[in-house]
Amino acid sequence: MTQRVELAAVMDRLAVDGLVTDYAVAVDDGDWTAYRELFTSDGRADYRSAGGIEGDAGNVASWLAENMRVFAMRQHLIVNRRVRFGVLEQDTGDTARVQADYVNPMRLAADHDDSAAGAPDFVCGGRYSFGLLRTDNGWRVREVVVQEKWRRLPG
């Protein structure tokens with residue numbers, strides 16, 4: 001492998017890692033416009049294993065915006081990222097699969113008051129499976145599937 005190819009691979013890994021981080025930050029901050037922009041035009045998300053919905057990124061973002069209001073605080077911790085680059089139309093590196101584990105503490109809002117303080121009272125964990133595509137605008141999410149493995153509820 002030449003230095004140029006190695007540098008391109010490192011740059012792609014950094015860009016993919018940044019995209020996964022941007023995904024977590026958009027959800028945690030409730031920035032649904034940023035969330036939508038992370039996806040390809042035909043991008044999809046599947047949150048069914050966590051009690052959510054599956055659909056195109058726009059519809060899922062609207063659903064998340066409505067349902068995440070009950071949490072005054074969300075904080076994704078995404079770890080153990082495995083990145084595998086694939087081939088699209090004979091070009092290596094145009095697709096990527098990312099498998100990453102997550103822990104997600106959340107605090108319920110007191111009467112939906114975002115200023116409520118306190119420790120997280122709802123925590124869940126599992127694994128994300130991202131399908132990514134290199135576009136003219138950089139790496140984008142083509143699909144994300146959540147596989148919730150556990151949760152701890154209040155009480």
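This is a predicted model: local features need pLDDT of at least 70, side-chain atom pairs count only at pLDDT 80 or more; totals for chains, interfaces and linings use all residues.
Residues are numbered from 1 along each chain as its sequence is written, and side-chain values use heavy atoms, with hydrogens and water left out.

I begin with the overall architecture. The chain has 3 helices and 7 strands; helices (H or I, at least four residues) and strands (E, at least two) are DSSP runs, numbered from the N terminus. Their order from the N terminus is α-α-β-β-α-β-β-β-β-β. Of the 155 residues, 39% count as buried, where buried means under 20% relative accessible area, exposed over 50% and partly exposed in between (1.4 Å probe, protein chains only).

I turn now to the aromatic residues. The whole structure holds 9 aromatic pairs. Rings of Phe, Tyr and Trp (its six-membered ring) pair if their centres lie within 6.5 Å; planes under 30 degrees apart count as stacked, over 60 as edge-to-face and the rest as tilted. One of the pairs, Tyr23 with Tyr128, is edge-to-face, at 5.3 Å centre to centre and 85° between the planes. Because Tyr23 lies in helix 1 (residues 3-29) and Tyr128 in strand 6 (residues 122-135), this pair ties together parts that are 105 residues apart in sequence.

How is the pair of Tyr102 and Tyr128 arranged? The ring centres are 4.7 Å apart and the planes stand at 40°, so this pair is tilted. Tyr102 is buried at a relative accessible area of 5%, and Tyr128 is buried at 3%. Tyr23, Tyr102 and Tyr128 belong to one aromatic cluster, which also includes Trp32, Tyr35, Phe39 and Phe130.

Finally, contacts over distance in sequence. Contact means heavy atoms within 4.5 Å. Among contacts between residues at least 6 apart in sequence, 58% join residues at least 24 apart.
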